[in-house]
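Open your viewer and get ready to click. This tour goes stop by stop, with something to select at each one.

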Amino acid sequence: MFDELGPSHWWPGETRFEIAVGAILTQNTNWQNVAKAIRNLKDARLLNPKSMYALAMEDLAELIRPAGYFRLKAKRLHHFLVFLRSSCRFDMEQLLSREMDDLRRALLGVNGIGPETADSILLYALEKPSFVVDAYTARICQRHGLIPEDIAYEELREFFMDVLSPDIRLFNEFHALLVRVGAGWCKKKHPRCSSCPLGSFLQGAA
DNA sequence: GACCAGGCACATC
DNA sequence: GATGTGCATGGT
């Protein structure tokens, strides 16, 4: 995939906080729509934890409207901000010293942050070696006949983390490439692509 | 106009 | 524990 597509430069975002906000906004949503919401927040100079925390819920919702589910996501962002206030006084740098598993449990305790969002924040915002699996990852693996249809999130995550060394750059690029491939030609409804270089790798891993 | 997009929580059985 | 449902915009 890397040879074919080149480096992904993920996650798009200038700060840890921006990346985390993007992770919440992109839940079940096209990134293009998320980018518009992020743009709104930046233009309003509100893309920092303290300002966003002080914002009224309905005002926040209006700014992130293009990302869809905007009332729901405004609540989820606020829950995350409450977490940031209590856990690190809005300074995400302070989270870096914490153990990954401990941090993961804490993130999963936030209403609105599920496993994929937690792992995205861990990997891309906090640079911890937590492999992110998503709808594309599951779909691609299923099309290659590697995993059952009803596999649980945690199981699929372990599938990758068991065979890959805990390398942040590897996890970063691998997930990014899976999404880029998944959003592109693997979206076609072919049952199994024999010519796909990913297929041979995944077969080996399995 | 239907269908899809980088999920998650909650109600119900 | 499994299954169904609401949440909503913008691109194809």
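In which loop does Phe90 lie? Phe90 sits in the loop between helix H6 (70-88) and helix H7 (100-108). Keep in mind that this is a predicted model.

**Stop 1: Phe90 and its backbone**

Stay on Phe90. Its phi is near 70°, a positive value in a residue other than glycine. Is Phe90 buried, exposed or partly exposed? It has 17 C-beta neighbours inside 10 Å, so Phe90 counts as partly exposed.

**Stop 2: the loop between H1 and H2**

Now go to His9. His9 is in the loop between H1 and H2. Its phi is positive too, at about 55°, although His9 is not a glycine. Count the surroundings: His9 has 9 C-beta neighbours inside 10 Å, and therefore it counts as exposed.

Move along to Trp10 and Trp11. Look at the peptide bond from Trp10 to Trp11. It is cis, with omega near 0°. Trp11 belongs to the loop between helix H1 (2-5) and helix H2 (16-25).

**Stop 3: helix H2**

Select H2. How many of its ten residues are buried? Eight of the ten are, so H2 is largely enclosed by the rest of the structure. Colour these buried residues of H2: Phe17, Ile19, Ala20, Val21, Gly22, Ala23, Ile24 and Leu25. What covers them? The cover includes H3, helix H4 (49-54), H6 and H8.

**Stop 4: H2 against H3**

The axes of H2 and H3 come within 10 Å and cross at roughly 135°. That angle is why H2 counts as oblique to H3. The crossing is right-handed. To see the contact, select Glu18, Val21, Gly22 and Leu25 of H2, then Val34, Ala37 and Ile38 of H3. By class, the residues of this contact are five nonpolar, one polar and one charged.

A word on helices in general. An α-helix has 3.6 residues a turn, so residues three or four places apart point the same way. Keep that in mind as you turn the view.

**Stop 5: Ala37**

Zoom in on Ala37, which lies in helix H3. Why does Ala37 count as buried? Because it has 22 C-beta neighbours inside 10 Å. Leaving out residues up to four places away in sequence, Ala37 touches Leu25, Leu63, Ile64, Pro66 and Ala67. Pick the C-alpha atoms of Ala37 and Ala61: they are 24 residues apart along the chain, and 9.7 Å separates them.

**Stop 6: DNA strand C**

Show DNA strand C. Which residues are around it? Select Asn28, Thr29, Asn30, Gln32, Asn33, Arg65, Pro66, Gly68, Tyr69, Phe70, Arg71 and Leu72. H3 and H6 are the elements that give two or more residues to this surface. H6 gives the most, with three residues. Colour the surface near DNA strand C by class, and you will find four nonpolar, six polar and two charged residues. Pro66 is one of the residues around DNA strand C, and Pro66 is also among those that Ala37 touches.

**Stop 7: DNA strand B**

Switch to DNA strand B. Which of the 23 residues around it come nearest? They are Gln27, Gly114, Glu116, Thr117 and Ala135. Now show the helices. Helix H8 (115-125), helix H9 (135-143) and helix H11 (168-183) each supply at least two residues of the surface near DNA strand B. The largest share, four residues, comes from H8. By class, this surface has ten nonpolar, eleven polar and two charged residues.

**Stop 8: H9 against H11**

Finish with two of those helices. The axes of H9 and H11 come within 9 Å and cross at roughly 70°. That angle makes H9 roughly perpendicular to H11. Where do they meet? Select Tyr136, Thr137, Arg139 and Ile140 in H9, which meet Leu178, Val179, Val181, Gly182 and Ala183 in H11. By class, this contact has six nonpolar, two polar and one charged residues.

Note on methods:
Residues are numbered from 1 along each chain as its sequence is written. Chains are lettered from A and ligands numbered from 1 in the order in which they are written. This is a predicted model: local features need pLDDT of at least 70, side-chain atom pairs count only at pLDDT 80 or more; totals for chains, interfaces and linings use all residues. A residue is near a molecule or strand if its C-beta atom, placed from the backbone, lies within 6 Å of it. Ala, Val, Leu, Ile, Met, Phe, Trp, Tyr, Cys and Pro count as nonpolar, Asp, Glu, Lys and Arg as charged, and the others, Gly among them, as polar. A residue is buried if 20 or more other C-beta atoms lie within 10 Å of its own, exposed if 12 or fewer, and partly exposed in between; C-beta atoms are placed from the backbone. Axes are lines fitted to C-alpha atoms, for helices over the stretch in contact, and angles run from 0 to 180 degrees between N-to-C directions. Angles under 35 degrees count as roughly parallel, over 145 as roughly antiparallel, 65 to 115 as roughly perpendicular and the rest as oblique. A crossing is left-handed if the near helix is turned anticlockwise from the far one by less than a right angle, and right-handed if clockwise. Two residues are in contact if their C-beta atoms, placed from the backbone, lie within 7 Å.
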